[in-house]
Each structure stands twice: as C-alpha cells, then as structure tokens.
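This briefing concerns a single protein chain and is arranged by topic. Please consult the sequence and the structure shown below while reading.

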Amino acid sequence: MAGQGLVRSWLAFQITNSELALGLIGATVAVPMLLVAPLGGVIADRFERRNLILGGQGLIVASEVTVLLLLVADLLEFWHLLAAATVMGCVFPFIMPARQAIVVDIVGKRGLPNAMALNMGGMNATRVVGPAMAGFLIGVLGIAGTYTIGLVLYVIGLLCMLRVRRSTPTWNPETFSIGGSMLDGLRYLRGQRQVAMLLVFGLVPMFLAMPFQTLLVVFATDVWHEGSSGLGTLSALAGMGGVLGSVILAWRGFSHRRLRQMMSSVLAFCGFLLLFSVSPYFLLALPLVFIANVFGSIFSTLNNTAIQQMIPDDVRGRISSILMMSFALPLLGTLPISALAELYGARLAVGASSILALVVALVLYATSPVLRGMDADLRRAMEE
C-alpha cells in the first residue's frame with residue numbers, strides 16, 4: 001500500500017503536472033473515509049473482524065487490478081485514479097477499526113503497549129520498503145511493471161490475513177441497530193472527556209503537519225531535482241524514522257509520565273519538519289525528515305495506545321473508527337497544503353503547516369485541564 005501510494009502520486013503528477021492533483025487524490029480517499037467511518041466502527045463491534053478485513057482487502061485488490069488494466073492499455077486518465085482512491089476511502093473505514101480492535105482480541109489490554117508499538121513498527125517498516133522499492137522500480141521496470149509488483153504484494157497480504165485467528169462477534173441480531181449503536185458510541189465519548197480530548201489532541205497535528213508526505217514528490221522533483229530515486233530515498237528515510245520511533249517505545253517501554261512524552265515528541269516532530277522545509281540541500285533534508293518521523297511515530301503510538309487502554313471492548317470498534325481519522329485527516333489535509341504549495345511553493349506550505357501544528361498543540365495543552373490529567377486517568381483505567 002505504501003509503495004502503491006507513491007506510484008499513484010507519481011502517476012497523478014505525471015498526468016497533470018499539478019500539485020493540486022496530489023491533494024485531490026488524498027482528499028478523494030479521505031472524504032468517504034470520514035463519512036463512512038461511524039458505520040465501519042459499528043460493523044467492527046458487531047461482526048467477526050478477520051472476515052471483515054478479508055472482504056475489504058479483496059475489494060481493494062479488485063480496484064487495483066482495474067487500474068493496472070487501464071494503465072497497460074494506455075487508457076488511464078486522472079479521473080480513474082480518483083475513482084480508485086474513492087474505493088479505497090470507502091473500504092478503509094471497515095478495515096481499519098477491525099484491524100485496531102483485533103490487536104486487543106489477540107493480546108489483551110496488558111499486552112497492548114508493546115503490541116501497538118510492534119504493530120506501528122511493522123506498518124512503518126512497510127513505509128520504508130514500499131516507497132524505496134517503488135521509487136527504484138519505476139526507473140527500472142516502468143510504471144506498469146511497478147504497479148504489477150504492488151498488486152502481487154496486495155494478494156500476498158490478503159493470503160497472510162488467513163493466518164490470523166477469528167475474533168468472537170458480540171452482536172445480537174435481535175437487538176442490533178446501526179443507528180442505536182452509533183448513538184451509544186457518541187454517548188460514551190460524551191461521558192469520557194479524557195478519551196475525547198486524546199482523540200482531538202492526536203488528530204489535529206496529524207491533519208495540519210503529516211500531509212507533508214504527499215508533497216515529497218514535489219520536493220524531490222522540483223525543489224532538489226532528484227527525480228524518482230530521490231523521492232524513494234525521502235520516503236524510505238521517513239519510513240525508517242517511523243520504524244525507529246516504534247522500536248524505541250517497544251524497547252524502552254512506556255513512561256508513567258505519558259503526557260510529557262507526547263508533548264515533547266509532537267513539538268520535536270513539528271520543529272524538525274520546519275527545518276526540513278527550509279533546508280537548501282537534499283543531503284541535509286534527509287536526516288531532518290528521518291528525525292521528524294521518529295518523533296511523529298512516537299507521538300501517534302503513545303496517543304493511540306492510551307486511547308485503546310482506556311476504552312472498553314464493547315465500544316472498541318466505534319472508537320477505533322474515530323481514531324482511524326488519524327489516517328484520514330492527513331489525506332484530507334493534503335488538499336489545503338497542496339493548494340498552498342500550488343500558490344506559494346512546497347517550502348512555504350510545509351513550513352507554515354508545521355508552525356501551525358506546533359501552536360495548536362501548545363494551545364490544547366495550555367487550555368485543557370482534562371488533557372493535563374491524562375496520566376492519572378490512564379493509571380485508574382489500568383487499575384480497573
């Protein structure tokens with residue numbers, strides 16, 4: 001998926017030669033993802049989670065086959081990429097809450113911190129291998145050959161999911177109501193201000209700053225003139241930073257002063273991202289994007305794990321569907337940041353967004369007693 005995302009961005013930029021097109025691709029994934037997310041959370045709480053994931057992954061494979069056939073036939077247009085992105089956006093709200101919740105099914109709450117760190121490390125590892133391989137293969141095999149390899153890897157992922165044991169559905173067909181289940185999830189959030197605040201605290205910086213990854217293709221081709229190999233290198237180092245952040249948490253463990261860890265990591269993420277945006281040299285930008293993503297990974301893993309430890313299992317899928325917005329909002333955020341890049345350049349767009357994310361994080365911390373009481377609330381949840 002990480003590799004195909006890079007290939008799709010490359011295709012969109014080659015077809016349109018427009019930074020705004022990159023934002024439209026991201027927004028076309030994000031908008032249906034946000035709209036369908038509440039339904040996906042309800043389904044993840046009421047149906048067997050492994051089969052739900054398998055069905056969603058199967059639909060994504062069918063969509064990717066269609067794009068590949070159009071590409072090989074030289075019939076691919078930009079709107080076809082938008083249609084494939086829409087399929088992705090509609091399917092993900094069913095897959096991701098089930099994937100988040102099934103981790104707890106397998107390891108339980110006490111095993112969750114290290115499991116989440118390892119899970120995030122695995123996801124970030126694919127962000128290293130996928131874009132690096134895709135950027136290399138575009139130059140060697142061309143777009144069609146690279147897309148074919150990505151499709152084969154999708155199928156392998158689908159087959160590997162068969163090895164995960166099934167979860168136990170919790171729904172009762174006689175009392176099940178989609179609308180009632182959604183309302184139950186919202187009522188839970190209204191009564192749990194700490195969980196709601198953690199959701200906001202985790203999502204806002206991701207919306208403002210994380211979309212910078214979509215503009216890596218612009219930095220590689222237009223700012224530093226490094227082409228597809230430079231794009232692959234930038235994406236790979238960003239992913240390596242994410243892996244290292246997850247490994248640090250899995251190795252050193254989670255501090256009892258979780259909030260301090262979260263604040264320091266989000267501020268460092270924004271700071272190094274700002275330095276990346278103004279770097280005059282490609283070689284200098286490489287360690288900056290690496291370090292920024294180390295701290296970005298630490299922040300998101302800390303935030304997601306704290307939420308999963310606080311919530312009960314009967315609403316886990318519904319809350320995970322809201323947590324899934326951490327995947328959707330960076331995609332939605334690509335639209336304003338790419339529009340800003342179209343008008344004023346990628347450097348200014350990424351620099352301004354990183355400063356804004358830093359300011360928002362500080363304001364949330366300064367104005368929210370609920371957020372500042374996170375450590376005590378988390379200890380109570382684990383004791384219970």
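Does Phe 299 count as buried or exposed, and at what relative accessibility? Phe 299 counts as buried, at 1% relative accessibility; buried means under 20% relative accessible area, exposed over 50% and partly exposed in between, computed with a 1.4 Å probe on protein chains only. The model is a predicted one, in which local features need pLDDT of at least 70 and side-chain atom pairs count only at pLDDT 80 or more, while totals for chains, interfaces and linings use all residues. Residues are numbered from 1 along each chain as its sequence is written, and side-chain values use heavy atoms, with hydrogens and water left out.

**Overall composition**

- The protein chain has 16 helices and zero strands; these elements are DSSP runs numbered from the N terminus, with helices being H or I of at least four residues and strands being E of at least two.
- Of the 384 residues of the protein chain, 53% count as buried.
- Among contacts between residues at least 6 apart in sequence, 86% join residues at least 24 apart, where contact means heavy atoms within 4.5 Å.

**Packing of helix 1 with helix 2**

- Two packed helices are described by the angle between their axes and the distance between the axes.
- Helix 1 (residues 2–16) packs with helix 2 (residues 19–46) at an angle of about 140°, and their axes are 8 Å apart; the axes are lines fitted to C-alpha atoms, for helices over the stretch in contact, and angles run from 0 to 180 degrees between N-to-C directions.
- Helix 1 is therefore oblique to helix 2; angles under 35 degrees count as roughly parallel, over 145 as roughly antiparallel, 65 to 115 as roughly perpendicular and the rest as oblique.
- The crossing of helix 1 and helix 2 is right-handed; a crossing is right-handed if the near helix is turned clockwise from the far one by less than a right angle, and left-handed if anticlockwise.
- On the side of helix 1, the contact is made by Arg 8, Ser 9, Ala 12, Phe 13 and Thr 16, which meet Glu 19, Ala 21, Leu 22 and Ile 25 in helix 2.
- The residues of this contact divide into five nonpolar, two polar and two charged; Ala, Val, Leu, Ile, Met, Phe, Trp, Tyr, Cys and Pro count as nonpolar, Asp, Glu, Lys and Arg as charged, and the others, Gly among them, as polar.

**Packing of helix 7 with helix 10**

- Helix 7 and helix 10 (residues 258–278) pack at an angle of about 15°, with 11 Å between their axes.
- These two helices are therefore roughly parallel to each other, and helix 7 passes helix 10 in a left-handed crossing.
- From helix 7, Leu 198, Phe 201, Pro 205 and Met 206 meet Met 262, Met 263, Val 266 and Phe 269 in helix 10.
- This contact has eight nonpolar, no polar and no charged residues.
- Ser 264 also lies in helix 10 and counts as partly exposed, at 44% relative accessibility.
- Ser 264 and Ile 298 are 34 residues apart in sequence, and 9.8 Å separates their C-alpha atoms in space.

- The whole structure contains seven aromatic pairs; rings of Phe, Tyr and Trp (its six-membered ring) pair if their centres lie within 6.5 Å, and planes under 30 degrees apart count as stacked, over 60 as edge-to-face and the rest as tilted.
- The ring centres of Phe 201 and Phe 299 are 5.5 Å apart and the ring planes stand at 80°, so this pair is edge-to-face.
- The pair links distant parts of the chain, since Phe 201 is in helix 7 (residues 193–208) and Phe 299 in helix 11 (residues 282–310), 98 residues apart.
- Phe 201 is buried, with a relative accessible area of 0%.
- One aromatic cluster is formed by Phe 212, Phe 219, Trp 224, Phe 276 and Phe 282.
- Val 289 lies in helix 11 and counts as buried, at 0% relative accessibility.
- Not counting residues up to four places away in sequence, Val 289 touches Phe 212, Leu 234, Leu 237, Ala 238 and Phe 276.

**Positive phi angles in loops**

- Most residues other than glycine have a negative phi.
- Asp 74 has a positive phi of about 60° although it is not a glycine.
- Asp 74 is placed in the loop between helix 3 (49–72) and helix 4 (78–107), and is exposed, with a relative accessible area of 70%.
- His 225, also a residue other than glycine, has a positive phi near 55°.
- His 225 is in the loop between helix 8 (216–223) and helix 9 (227–252), and is exposed, with a relative accessible area of 61%.
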